[in-house]
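Biologist: Please show me how to read the features of a model like this one. I would like the general idea each time, and then the case at hand.

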Amino acid sequence: EVNLKIGTICLLLLVPASSTAQELKPLEQAILDGSEETYPIVRCASLFFSVLQWAGEDRLGKETAERTEQTVGNLMDLAVSMREPALGKSAEESVIRDVQTITVAYMTRYERNYALVGEAFGQDEMWTADRDLCVQLFGS
């Protein structure tokens, strides 16, 4: 089931993102601003997945890549279970869509960062803060 979700997101990433996509705000700020309750879960799943997509298994190592993929799947399952009471069967579709959208936003940020400074996320303070918060909240 995790592989199905991950595979679905990979296929969706092939669809070009809107060029009018808004810039991500720092995750901590989004939480403080009162984001929807599953947003931090979906956002962290997206951050972890975007790193997996950007770096790939070769650079991360097989064990880290598998652990990251499992964490993404677990976070997506958690978000689906939290959305199911309100959304029913469409909860999974909404989580997949949201993870895809946020993953594209992170990937676009990595591309821009790399073009500007030669590093995808190493010098990106927002990414570092988001990663640290996601690791604190959910591990991986």
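**Helices, rings and burial**

Modeller: Let us start with a handedness: α3 passes α5 in a right-handed crossing. A crossing is called right-handed if the near helix is turned clockwise from the far one by less than a right angle, and left-handed if it is turned anticlockwise. The model is a predicted one, in which local features need pLDDT of at least 70 and side-chain atom pairs count only at pLDDT 80 or more, while totals for chains, interfaces and linings use all residues. Residues are numbered from 1 along each chain as its sequence is written, and side-chain values use heavy atoms, with hydrogens and water left out.

Biologist: What is the mean pLDDT of the protein chain, and over which residues does pLDDT stay under 50?

Modeller: pLDDT is the predictor's confidence in each residue, from 0 to 100. The chain has a mean of 89, and 84% of its residues reach 70 or more. Over residues 16–21 pLDDT stays under 50, and the model has one contact beyond four places in sequence for that stretch. Contact means heavy atoms within 4.5 Å.

Biologist: How many helices and strands are there in the protein chain?

Modeller: Both are DSSP runs numbered from the N terminus: helices are H or I with at least four residues, strands are E with at least two. This chain has six helices and zero strands, so written from the N terminus the elements read α-α-α-α-α-α. Among contacts between residues at least 6 apart in sequence, 69% join residues at least 24 apart.

Biologist: How are two packed helices described?

Modeller: By the angle between their axes and the distance between the axes. Axes are lines fitted to C-alpha atoms, for helices over the stretch in contact, and angles run from 0 to 180 degrees between N-to-C directions. The axes of α3 and α5 come within 8 Å and cross at roughly 50 degrees. That makes α3 oblique to α5. Under 35 degrees counts as roughly parallel, over 145 as roughly antiparallel, 65 to 115 as roughly perpendicular, and the rest as oblique. On the α3 side the residues that meet α5 include Val42, Leu47, Ser50 and Trp54; on the α5 side they include Val99, Thr103, Tyr106 and Tyr110.

Biologist: At what angle do α4 and α5 pack, and how far apart are their axes?

Modeller: Helix α4 (residues 62–87) packs on α5 at about 130 degrees, with the axes 8 Å apart. α4 is therefore oblique to α5. The crossing of α4 with α5 is right-handed. From α4 the contact uses Met76, Ala79, Val80, Arg83, Glu84 and Leu87; from α5, residues including Ser90, Val95 and Val99.

Biologist: And what is the angle between α3 and α6?

Modeller: Helix α6 (residues 125–138) and α3 pack at about 115 degrees, with their axes 10 Å apart. The two are therefore roughly perpendicular to each other. Here α3 passes α6 in a left-handed crossing. Among the residues that meet are Cys44 and Phe48 of α3, and Trp127 and Cys134 of α6.

Biologist: How is a pair of aromatic rings described?

Modeller: By the distance of the centres and the angle of the planes. Rings of Phe, Tyr and Trp (its six-membered ring) pair if their centres lie within 6.5 Å; planes under 30 degrees apart count as stacked, over 60 as edge-to-face and the rest as tilted. The structure holds four such pairs. Trp54 and Tyr110 pair edge-to-face, 5.7 Å centre to centre with 75 degrees between the planes. This pair links distant parts of the chain, with Trp54 in helix α3 (residues 39–60) and Tyr110 in helix α5 (residues 90–117), 56 residues apart. Ring pairs also join Trp54, Tyr106, Tyr110, Phe121 and Trp127 into a cluster.

Biologist: Is tyrosine 110 buried or exposed?

Modeller: Buried means under 20% relative accessible area, exposed over 50%, and partly exposed in between (1.4 Å probe, protein chains only). Tyr110 has 0% and is buried; Trp54, at 22%, counts as partly exposed. Of the 140 residues of the chain, 40% count as buried.

Biologist: Which residues does serine 50 touch, not counting those up to four places away in sequence?

Modeller: Serine 50 lies in helix α3 and is buried at 0%. It touches Thr103, Tyr106, Met107 and Tyr110.

Biologist: Where does leucine 27 lie?

Modeller: Leucine 27 is in helix α2 (residues 27–32), and it is buried, with a relative accessible area of 0%. Leaving aside neighbours within four places in sequence, its contacts include Tyr39, Cys44 and Cys134. From leucine 27 to cysteine 44 is 17 residues in sequence and 8.8 Å in space, C-alpha to C-alpha.
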